[in-house]
Amino acid sequence: MRRLALAFPGVEEGSSYGTPGFRVRGKFLARLWEDGEVLVVKCGDDERDFRMKADPETFFITDHYRGYPTVLVRLSRVSEDDLQAVLEEAWRRQAPKRLVKEYEQHRDRHHAERSGR
(Lines give C-alpha, C1' and ligand atoms only; values in the text may rest on other atoms or scores of the structure.)
Protein backbone atom coordinates (compact mmCIF):
# COMPACT_ATOMS: atom_id res chain seq x y z
CA MET A 1 0.00 0.00 0.00
CA ARG A 2 2.73 2.46 0.99
CA ARG A 3 4.84 1.69 -2.10
CA LEU A 4 1.85 2.09 -4.42
CA ALA A 5 0.67 5.36 -2.87
CA LEU A 6 4.12 6.96 -2.80
CA ALA A 7 4.74 6.04 -6.46
CA PHE A 8 2.41 8.84 -7.59
CA PRO A 9 4.03 12.27 -8.05
CA GLY A 10 3.62 14.70 -5.19
CA VAL A 11 2.32 12.13 -2.69
CA GLU A 12 3.59 12.50 0.84
CA GLU A 13 3.09 10.28 3.85
CA GLY A 14 2.10 11.71 7.19
CA SER A 15 -0.24 11.08 10.06
CA SER A 16 -4.01 11.14 9.71
CA TYR A 17 -6.11 10.55 12.82
CA GLY A 18 -3.10 8.84 14.37
CA THR A 19 -2.53 6.40 11.50
CA PRO A 20 -0.38 6.54 8.35
CA GLY A 21 -2.02 8.77 5.76
CA PHE A 22 -1.22 9.98 2.27
CA ARG A 23 -1.79 13.38 0.69
CA VAL A 24 -0.95 15.05 -2.61
CA ARG A 25 -0.08 18.72 -2.27
CA GLY A 26 -1.87 18.78 1.08
CA LYS A 27 -5.07 17.12 -0.15
CA PHE A 28 -6.20 13.86 1.44
CA LEU A 29 -5.90 10.66 -0.64
CA ALA A 30 -5.95 7.75 1.76
CA ARG A 31 -5.28 6.63 5.31
CA LEU A 32 -4.95 3.39 7.17
CA TRP A 33 -7.78 2.59 9.53
CA GLU A 34 -6.93 2.11 13.18
CA ASP A 35 -7.15 -1.69 12.79
CA GLY A 36 -4.29 -1.64 10.26
CA GLU A 37 -6.28 -3.87 7.91
CA VAL A 38 -8.51 -1.38 6.07
CA LEU A 39 -7.55 1.57 3.90
CA VAL A 40 -9.83 4.60 3.52
CA VAL A 41 -9.49 6.00 -0.03
CA LYS A 42 -11.05 9.24 -1.29
CA CYS A 43 -11.68 8.02 -4.83
CA GLY A 44 -15.00 9.67 -5.71
CA ASP A 45 -18.60 8.47 -5.75
CA ASP A 46 -18.50 6.74 -9.15
CA GLU A 47 -15.31 4.78 -8.41
CA ARG A 48 -16.61 3.84 -4.94
CA ASP A 49 -19.93 2.61 -6.31
CA PHE A 50 -18.23 0.67 -9.13
CA ARG A 51 -15.79 -1.03 -6.75
CA MET A 52 -18.45 -1.90 -4.17
CA LYS A 53 -20.69 -3.43 -6.82
CA ALA A 54 -17.85 -5.39 -8.45
CA ASP A 55 -16.35 -6.74 -5.21
CA PRO A 56 -18.37 -5.99 -2.06
CA GLU A 57 -16.20 -8.29 0.09
CA THR A 58 -13.17 -6.09 -0.60
CA PHE A 59 -14.66 -2.62 -1.11
CA PHE A 60 -17.29 -1.31 1.32
CA ILE A 61 -18.41 1.64 3.45
CA THR A 62 -19.79 2.09 6.93
CA ASP A 63 -22.52 4.46 8.05
CA HIS A 64 -19.80 6.94 9.06
CA TYR A 65 -18.61 7.21 5.44
CA ARG A 66 -22.06 7.24 3.81
CA GLY A 67 -22.37 10.43 1.78
CA TYR A 68 -18.60 10.87 1.43
CA PRO A 69 -16.68 10.13 -1.80
CA THR A 70 -14.61 7.45 -0.06
CA VAL A 71 -14.38 3.68 -0.12
CA LEU A 72 -12.98 1.32 2.48
CA VAL A 73 -10.61 -1.36 1.19
CA ARG A 74 -9.83 -4.65 2.96
CA LEU A 75 -6.09 -4.90 2.34
CA SER A 76 -6.03 -8.66 2.94
CA ARG A 77 -8.42 -9.18 0.02
CA VAL A 78 -7.51 -6.55 -2.57
CA SER A 79 -5.28 -7.34 -5.54
CA GLU A 80 -2.31 -5.08 -6.15
CA ASP A 81 -3.77 -4.02 -9.51
CA ASP A 82 -7.12 -3.04 -7.98
CA LEU A 83 -5.45 -1.18 -5.14
CA GLN A 84 -3.23 0.70 -7.57
CA ALA A 85 -6.25 1.59 -9.72
CA VAL A 86 -8.31 2.96 -6.83
CA LEU A 87 -5.31 4.91 -5.49
CA GLU A 88 -4.65 6.31 -8.96
CA GLU A 89 -8.26 7.47 -9.24
CA ALA A 90 -7.95 9.17 -5.85
CA TRP A 91 -4.66 10.77 -6.88
CA ARG A 92 -6.09 12.02 -10.21
CA ARG A 93 -9.01 13.66 -8.37
CA GLN A 94 -6.78 15.47 -5.89
CA ALA A 95 -3.54 16.23 -7.75
CA PRO A 96 -3.07 19.51 -9.61
CA LYS A 97 -3.90 19.20 -13.32
CA ARG A 98 -0.31 20.01 -14.28
CA LEU A 99 0.99 17.13 -12.17
CA VAL A 100 -1.51 14.72 -13.74
CA LYS A 101 -0.47 15.85 -17.23
CA GLU A 102 3.23 15.36 -16.43
CA TYR A 103 2.49 11.90 -15.02
CA GLU A 104 0.56 10.88 -18.14
CA GLN A 105 3.30 12.15 -20.45
CA HIS A 106 5.96 10.25 -18.49
CA ARG A 107 3.84 7.09 -18.40
CA ASP A 108 3.09 7.27 -22.14
CA ARG A 109 6.76 7.86 -22.94
CA HIS A 110 7.80 4.94 -20.73
CA HIS A 111 5.18 2.67 -22.33
CA ALA A 112 6.33 3.62 -25.84
CA GLU A 113 9.96 2.87 -24.93
CA ARG A 114 9.06 -0.53 -23.51
CA SER A 115 7.03 -1.48 -26.58
CA GLY A 116 9.85 -0.43 -28.92
CA ARG A 117 8.14 2.54 -30.54
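The secondary structure of this protein, a predicted model, comes to four helices and six strands. Read from the N terminus, the elements follow the order α-β-β-β-β-α-β-β-α-α. The radius of gyration is 15 Å, close to the 13 Å that the globule rule gives for 117 residues, so the protein is as compact as a globular protein of that length. The C-alpha trace spans about 50 × 30 × 25 Å along its principal axes. Of the 117 residues, 38% are buried.

The strands come next. Six strands form an open sheet in the order S1-S2-S3-S4-S6-S5, and their pairing is antiparallel. Strand S1 (11–16) and strand S5 (59–60) are the edge strands, since each of them pairs on one side only. Helix H3 packs on this sheet and touches S1, S2, S3 (27–32), S4 (38–41), S5 and S6 (71–74). The direction of H3 makes about 155° with that of S3.

Helix H3 itself covers residues 80–94. How far apart should the ends of its 15 residues be? At 1.5 Å a residue, the helix should span 21 Å, and its end C-alpha atoms are 21 Å apart, which agrees. The buried residues of H3 are Leu 83, Val 86, Leu 87, Glu 88, Ala 90, Trp 91 and Gln 94.

S1 pairs with strand S2 (residues 19–24) in the antiparallel sense, over six bridges. Within this pair, Ser 15 stands opposite Pro 20 in S2. The loop between S1 and S2 contains Tyr 17. Tyr 17 has a phi near 55°, which is a positive value in a residue other than glycine. Is Tyr 17 buried or exposed? Its relative accessibility is 70%, so Tyr 17 counts as exposed.

Strand S2 contains Thr 19. In contrast to Tyr 17, which is exposed, Thr 19 is buried, because its relative accessible area of 9% falls under the 20% limit. Apart from its neighbours within four places in sequence, Thr 19 is in contact with Gly 14, Arg 31, Leu 32, Trp 33 and Glu 34. For Leu 32, a polar atom of the Thr 19 side chain lies 2.5 Å from the backbone oxygen of Leu 32.

The loop between S2 and S3 holds Arg 25. Arg 25 also has a positive phi, near 50°, in a residue other than glycine. With a relative accessible area of 47%, Arg 25 is partly exposed.

On its other pairing, S4 is joined to S6 by four bridges, and the two run antiparallel. Here Leu 39 has Val 73 in S6 as its bridge partner.

Which residues of S4 are buried on each side? Val 38 and Val 40 are buried on one side, and Leu 39 and Val 41 on the other, so that both faces of S4 are covered.

Definitions and conventions: Residues are numbered from 1 along each chain as its sequence is written. This is a predicted model: local features need pLDDT of at least 70, side-chain atom pairs count only at pLDDT 80 or more; totals for chains, interfaces and linings use all residues. Side-chain values use heavy atoms; hydrogens and water are left out. The expected span of a helix is 1.5 Å times one less than its number of residues. Buried means under 20% relative accessible area, exposed over 50%, partly exposed in between (1.4 Å probe, protein chains only). Two strands pair if DSSP finds at least two bridges between them. Contact means heavy atoms within 4.5 Å. Axes are lines fitted to C-alpha atoms, for helices over the stretch in contact, and angles run from 0 to 180 degrees between N-to-C directions. A polar contact is a pair of N or O atoms within 3.5 Å; within protein, one must be able to donate a hydrogen and the other to accept it, and residues adjacent in sequence count only if both atoms are side-chain atoms. The radius of gyration is taken over C-alpha atoms; the globule rule is 2.2 Å times the number of residues to the power 0.38.
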